Amino acid sequence: MNSGQQVAVIVISISNIREFSQQFEPKQLEEYKNEIKIGFQHIFEESSYSEDLLVVHDYYNEGLTVFLRIHDEKQSVVHIENMLRILTPKLERWMYTKYPYFNQTFEIGYMFVEKNDGTTQDALYTAQQQAVAMAEKRIQSRYIETLLEMRDIIQKREITLLAQPIIDLATKQIKAWEFLTRGPKNTSLENPLQLFSLARQSNLIYDLELLVLEKAFQMIGRVGCCDDVFLNFTPITLGNKRFIPALEKLLKRYEDILPNKMIFEVTERDSIDGLTFFHDNIKELRKMGFRIAVDDTGAGYSSLHTISEILPDIIKIDRSVIQDIDTNTVKESMLKGLILIAKETGSLVVAEGIEKKEEADVLMRNQVDLAQGYFYAKPGTLEKGRVAL
């Protein structure tokens with residue numbers, strides 16, 4: 001280190017690393033962390049600070065540790081804060097393009113390396129630990145804010161449900177509705193991806209989904225919906241030992257609800273492995289008359305694993321398979337394979353995300369049972385058997 005220069009240690013911690021650890025396999029988690037490292041290096045090298053970057057590594061903590069050269073005129077907290085204020089949002093945007101399903105946030109801690117007594121290695125390690133402590137303190141503060149915000153939404157019941165029709169392709173009639181959740185209006189949490197990501201971070205996903213269930217029962221009764229209703233639930237909720245007793249209480253309160261008209265969709269962003277009560281709860285739901293669907297089929301291996309484990313009544317094929325299927329013979333072959341799986345398991349098939357007539361024609365040609373998407377109708381407010389957009 002030259003005279004007149006100093007080294008700063010910057011630690012970038014992932015605020016919701018515990019959430020990702022629950023959803024990723026070990027290899028996938030390592031790939032995620034490596035992508036952060038690649039993204040940060042790219043963003044830093046493209047910035048005006050590139051000449052000051054010494055090294056980026058991930059040896060000491062769950063995030064990144066960055067060693068940065070600081071010149072005499074830049075030895076200030078204000079300079080570091082301004083630099084991070086510019087670079088951190090760019091890193092979050094970078095990661096969002098790679099992992100759009102996750103609400104990714106990072107917290108930063110930093111400390112200047114002071115070599116007084118002891119070795120250089122001791123000085124670096126001490127500074128790194130102090131930077132980690134600073135980042136973790138910020139994460140804890142962010143977690144408390146997240147927890148309070150999510151609790152407030154649940155307590156005030158500030159969610160609304162929209163409905164999107166599911167069409168019988170043979171008759172062109174509405175066969176069912178999927179109820180879709182939205183958060184507080186005119187906020188970032190109106191977006192369901194943001195809302196449910198926040199619920200995961202604050203460990204309130206079960207409470208939020210139970211509120212969604214009660215809101216769905218209320219809406220069915222209010223509009224007199226006689227069609228089937230699809231509701232998304234994470235394996236975390238369906239595998240919660242409190243879920244069945246809570247559901248039974250709701251059924252007593254809302255006596256008009258017919259279990260055989262309700263379909264629980266198992267969303268495929270979580271694994272069912274390791275959930276002790278999941279299979280028992282699925283069996284109990286079927287005894288009560290509810291049906292089970294597997295969502296996002298075709299988007300990854302986990303959906304096929306879930307299908308083999310629970311033999312669902314309905315398989316919902318992901319938009320990634322349907323998009324431009326009319327011009328992609330490989331996707332049509334994938335569709336045929338999934339239809340064959342459905343026949344083996346005795347499942348109905350619902351194709352999601354249809355946006356144009358040509359896609360619908362391919363589904364008709366392959367005798368898909370049901371379909372939904374913007375080609376038929378956008379989600380809207382359900383009013384007496386119709387959607388008000």
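Predicted model: local features only at pLDDT ≥ 70, side-chain atom pairs only at ≥ 80, totals over all residues.
Me: Which strands make up the closed barrel?
Reply: The closed barrel has 8 strands, in the order β5-β6-β7-β8-β9-β10-β11-β12, and its pairing is mixed. Strands (E, at least two residues) and helices (H or I, at least four) are DSSP runs numbered from the N terminus. Two strands pair if DSSP finds at least two bridges between them.

Me: Do β5 and β6 run parallel or antiparallel?
Reply: Strands β5 (residues 160-168) and β6 (residues 173-182) run antiparallel and are joined by 9 bridges. Ile-167 has Ile-174 of β6 as its bridge partner. The two strands form a hairpin with 4 residues between them, and Lys-172 in the turn has a positive phi of about 65 degrees.

Me: And how many bridges join β6 to β7?
Reply: There are 4 bridges between β6 and β7 (residues 228-233), and these two strands run parallel. Trp-177 has Val-229 in β7 as its bridge partner, while Ala-176 stands opposite Asp-228 in β7.

Me: Which side chain does Thr-234 contact?
Reply: The side chain of Thr-234 is joined to that of Glu-209 by a polar contact of 2.9 Å. A polar contact is a pair of N or O atoms within 3.5 Å; within protein, one must be able to donate a hydrogen and the other to accept it, and residues adjacent in sequence count only if both atoms are side-chain atoms.

Me: Is Lys-316 buried or exposed?
Reply: Lys-316 is buried, at 0% relative accessibility. This residue lies in strand β10 (residues 314-317), and a polar contact of 2.9 Å joins the side chains of Lys-316 and Glu-265.

Me: Turning to helices, how many residues of α5 are buried?
Reply: In α5 (residues 192-201), 7 of the 10 residues are buried, among them Leu-195, Phe-196 and Arg-200.

Me: What caps the N-terminal end of α5?
Reply: Asn-191 is the cap, with a side-chain oxygen 2.8 Å from the backbone nitrogen of Leu-193. Just after α5, Asn-203 takes a positive phi of about 60 degrees.

Me: Which residues of α9 are buried?
Reply: In α9 (residues 278-288), the buried residues are Phe-278, Asn-281, Ile-282 and Leu-285. Seen down the axis of α9, these buried residues fall within an arc of 100 degrees, so they line one face of the helix. The arc is that of the directions from the helix axis to the C-beta atoms. On the other side of α9, Lys-283 and Lys-287 are exposed.

Me: How many cavities of 30 Å³ or more are there in the whole structure?
Reply: The search finds 1 cavity of 30 Å³ or more, and the largest cavity has a volume of about 50 Å³. On a 1 Å grid over the protein atoms alone, a cavity is a set of points where a 1.4 Å probe fits but cannot get out, and lining residues have an atom within 4 Å of a point. Grid points are joined across faces, edges and corners, and a volume is the space filled by probe spheres set on the points.

Me: What gives the most to the lining of the largest cavity?
Reply: Helix α3 gives the most, with 4 residues. Both α3 (77-98) and β4 (106-112) supply at least two residues each. The lining includes Ile-12, Phe-40, Thr-88 and Phe-106.

Me: Where is Gln-367, and what is its phi?
Reply: Gln-367 lies in the loop between α13 (357-365) and β12 (370-371). Gln-367 has a positive phi of about 60 degrees although it is not a glycine, and it is exposed, with a relative accessible area of 68%.

Notes. Residues numbered from 1 in each chain as written. Heavy atoms only, no water. Buried < 20%, exposed > 50% of the residue type's maximum accessible area, 1.4 Å probe, protein only. 1 Å grid on protein atoms, 1.4 Å probe; cavity = no way out; pocket = protein on both sides within 12 Å on 5 of 7 lines; lining within 4 Å.
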